Each structure stands twice: as structure tokens, then as C-alpha cells.
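Have a look at it, then read on.

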Amino acid sequence: MFVCERMAKKLITVQPDTKLSDVSQLMTQHNIRHLPVVNGEGLLVGIVSDRDMRSALPSSLLGKEAYERALERVMTHRAEEIMTINPLTISVYYTIQDTLLMMRQKRVGAFPVIDENGYLKGILSTRDLLSSLANVMGIGEPGTLLCILAREERGQLKKIVDIVTEEKILLGSVLVSRTWDVNKKAVFPYLLTNNVARVKQRLLDADFQLFDPMQWYLDNVSKNPHLLL
Amino acid sequence: MAGDMKKTGFVYDERFLQHVTFSTHPESPGRLRVIVEGLAASGLLQKLIPIEVRRADQRWIEMVHNIRYMMRLEEACIMGMPDIDHQDNSICRDTYDIAFLAVGGVLNAIDAVMTGDIDNAFCAVRPPGHHAEVDRAMGFCYFNNVAIGAKYLKKRWGVQRIGIIDFDVHHGNGTQHIFEQDPTVFYYSIHEHPSFAYPGTGREFETGIGEGLGYTLNSPILPGRGDDEYKKMIMQDLVPAFKKFQPEVILLSAGFDAHVTDLMSGTNLSTEGYDFITEVILNLANKFAGGRVISVLEGGYNYPVLALLVENHIRMMTGVR
């Protein structure tokens, strides 16, 4: 949930005067799309993205010879000429939630992470966010996902968790999502077990409804015909 | 027609019941009891050729499993631990020895098929195997019976193309991982979609690694789907893949837990749906593998349904409807 545990800490950075040929090589070699630019004191001064790099490159429609000549010239330029100056940053104290909302609003692919003195501590990209989502869902470990439709009233989640706990099953995660049905909620417990028959039977006995993706989809379509489009 | 009757071997040993799991565990000795009782009551059992069960030579198991894992399992059993690696993997003092017998039963069935003494075989063994990884127990499985069988076919019998079909409702992660880099063993699995079902692997984009690329194939089935989807995927994925691969022998990880009545899964395969799967597999085996099929029990947890499905499966293997 915290940026400092999810960010990439092994930093690959460039200096303002790094040649674009080196910038390009670093991106390919490490399979990354963002390079923070730091000055001699280690302070963050900018960021070069693969998109900045691409717009600096000559058109791929040029003939081979013209392209290569132009490319050679481009590659002698420096990082500071194409970098985004004063990029949006996040703090080491931020949460993944902050980052998610900010990334969605600002439409950027990665944030440099800085401490209160402006020193670069890490970088967090959409890929890191995806990994943290997989981590939160617990799907790195073997398990079974239950799809439960519960009435929207107090204590329903407790009942589910109690049944799972009484069966001595560990929970990888529990996601709750709204359904189209106003007075129902979908609960998705991820159980870290193969042994789900008894737990399912007990949920059914407790008047919960188990549903599958087809039911979910058809239910939604019948209430929201635009989904078919 | 009598001429179509196949010699079908049957692997079973009462000692398989000595692998005792905790009292409410779904993978229980009762599973084998209902299978054998059902076969006896229907008269089918008497038509099968009993295959003796031996303790597998450790070197065959070592071809798949890490020796340190084997020692851990042995020690956990001797110490009287309740489980190994996860509480799902319930053990007793005899589990280690019984797991050796299960492997040995499968290897004996393979020998009998390869010498031509029998045409095909069903192995009613416990514990099951397809989740077992090289170095850990998973999903009620300790030694990967089918994977060891495939290695044995290669090493002992020089078979060059082995086809494994896994129709247990759960993906056989162990078997896939053991062979995903091996182009001589084709692993096909059809199972409930990994977003919903244990163990969470077996998506359609898992198709093998390196030299083994193209020799792993997965058909995930969404919960709520049944016969139609199974038939579609079997015809669209399995049949062309095996036509191309032309296996010399087919090993089955036969799980009967995809049935609509089995609460261990969310898929809705019917009894007839299971017959369809068996029929397609036997046709493939007759066409490419000289009919050589060794079917090994994996899951299936609804007792009466399990007994019925196994009986139907074996009856079709004998060629008598």
C-alpha cells in the first residue's frame, strides 16, 4: 500500500549532459521507458521518457540513408535538450492509492519518487502499480476465487469471513464490488486452498448466492442494454 | 462385438486406503472404496485385468522430484506431522510409502501396456499427483504420478512422443512446469478458468518455454459453462494439436471433479459430457498411439458421481458400451 515498498529502488539515471545515444541504449538494455535525470548533487532535474526519445528521432519514413544520417546527428544531442523539466513527482510517504489517482488524472506513465530534500529515491511506473494490484489480490499464491452475491446489509461480510475462518481456510484477499442490483453487493474472497466444497455448501446454507461470470454478464446486459454495443 | 473388446488393466491396492487425510478432507480413502464397489456391483471389475502394485524404485521418482523434497516428505510422515507445505496436503505416517505404491502402480500399468499384455489401463490410485511440483506438495498431491510415468516411458521404454491429457477440473500446474521446456512431452489441460479455480495457472497464453514452446496447451473453461464449451475446446484445441503431435502413448490425468454436482468446482460438465471426452481421447489413441492409454485418477469428490463416471470411463476403455 506504500510507495516506498513498491517503487524500483535500483535506479538507472542519466545526467543532463548524457548523450541521447547512451539514453537510448540504457532504455533498451534495461527494458524501461523512463529515465530520471539528476544533476551533480543528486537532485532530480528532469525525466526522459521513451516518448520524448521517439519524438526526437528522425521520421521512419525517410529513406534509409537519410534516416541514418539524421539519426547520427540526433544521437549527439544531450538529455537536457529533450527532457521534461520539473516533472511531476511523488513523495516516499505517498500511498499506492495516491499514486493511482494521480496517474489517472495526470496521464503519465511513471513518477520519480523523492524525499523531502528533493533527492531521488526511486521511481514508480504503471507496471509497478500492476504488480501491486496482483499483490493486493493475492493471486501470486495458489487459491480459489469465490463469487458471492450478498444482500446489502450490515454484517454480511462478517458472516462470510466467519464461515471461511471456521473452515480454517486462509484468505488471500477479499474484494467487494457494487453490482447493478442496488441492494446487493458482490464479494470475491480469494481462498488460499483447493478445498472449497464445504465452504461453498455452508455459504449456500447461509442463504448466500454463488454466481458465475455468465450470470453476471447477462444480468448486467439485461439491465444495461448499452453493454451489448 | 466381442472382437472390439480391449484388454483393460486395472490398478488398485487396498493399501491405497492407508493414506488417511483429516476427517473432513475431500480427498479421502472413501473415494477409492466407492469406485471399486461400483465396479464390482456392475460386473465390470471382473472383466478387467488386475495389475499388481509394486513399490516404485526411488530412482524413477527422483527423475521428477528433488531428493531434498522427498526427504522432507518422509521426515514429515515419520514425525507424525499433520500436513506438508500447506494444510490442504494432509498426511499420515503411511503417506510416504503409499505415494511410492501409487507411482509403482502406474509404472506397472505402463509396463503391461508397453509389453502388449494389455491394451490400456485405468489406475485407481491415491494420493493423486498432477499438482505436485518438483520440490513441493500442492493440492492434495505429493508425487506427480503421471509426470513420473512420462519420464519412465521415455527412459525405460524409449518412447519419443508422449501426450498427456489432463481433464481434472483443476490445472495440473506440476505436470505443466515439469514438461514446459520439453518438446517430447505434449501437455494438454482443460480445466476451470484459473481466475476462479485452484491453483490459478493454466491460462491460454501459457504454451511452453524455449524448446518446449508449442508443446503445452491450456483450455480454460469459465465457471457456469458445461458440455458445449468443453466440446468446443476439445475439438478446437486438443484434437488438432494431437493430430499434429502424433503421440505414441497417451497418459491421462483423469479428474472427475468438473461434474455439475461436484462442489469443488464451478463448471457444469454432465455425465454425457464426460463420455464425450473419453470417446474423443480413445479415438485419438486408436488413431495415433495404437490404443495405448494409461489413465490415472486425479480428483473427483462427489462419491456416487465419481463411481459412476469412473465406471463409464473404464467401460468405454474396454470397448464395450
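## Two chains, one model

Chain A is assigned domain 1 (3-135) and domain 2 (144-228), with the bounds coming from an automatic or database domain assignment. The C-alpha centres of domain 1 of chain A and domain 2 of chain A are 41 Å apart.

A word on the ground rules: this is a predicted model, where local features need pLDDT of at least 70, side-chain atom pairs count only at pLDDT 80 or more, and totals for chains, interfaces and linings use all residues. Residues are numbered from 1 along each chain as its sequence is written, while chains are lettered from A and ligands numbered from 1 in the order in which they are written.

Where the chains meet, 18 residues come from chain A and 22 residues from chain B; contact here is a matter of C-beta atoms, placed from the backbone, lying within 7 Å. On the chain B side of that contact there are 12 nonpolar, eight polar and two charged residues. In this scheme Ala, Val, Leu, Ile, Met, Phe, Trp, Tyr, Cys and Pro are nonpolar, Asp, Glu, Lys and Arg are charged, and the others, Gly among them, are polar.

Now for chain B itself. Chain B has nine helices and 10 strands, which are DSSP runs numbered from the N terminus (helices: H or I, at least four residues; strands: E, at least two). Its radius of gyration, taken over C-alpha atoms, is 18 Å, close to the 20 Å from the globule rule for 321 residues, so chain B is as compact as a globular protein of that length. That rule is 2.2 Å times the number of residues to the power 0.38. Of those 321 residues, 56% count as buried, meaning 20 or more other C-beta atoms within 10 Å of a residue's own, again placed from the backbone.

| Helix | Residues in chain B |
|---|---|
| α7(B) | 227-245 |
| α8(B) | 271-288 |

Their axes, lines fitted to C-alpha atoms over the stretch in contact, are 10 Å apart at an angle of about 10°. Angles run from 0 to 180 degrees between N-to-C directions, and under 35 degrees counts as roughly parallel, so α7(B) and α8(B) are roughly parallel to each other. The residues of this contact are nine nonpolar, one polar and three charged.

Finally, B:Ala99 sits in helix α4 (residues 95-115) of chain B. B:Ala99 counts as buried because it has 29 C-beta neighbours inside 10 Å.

Methods. Contact = placed C-beta atoms within 7 Å. Parallel < 35°, antiparallel > 145°, perpendicular 65-115°, else oblique. Buried ≥ 20, exposed ≤ 12 C-beta atoms within 10 Å, placed from the backbone.
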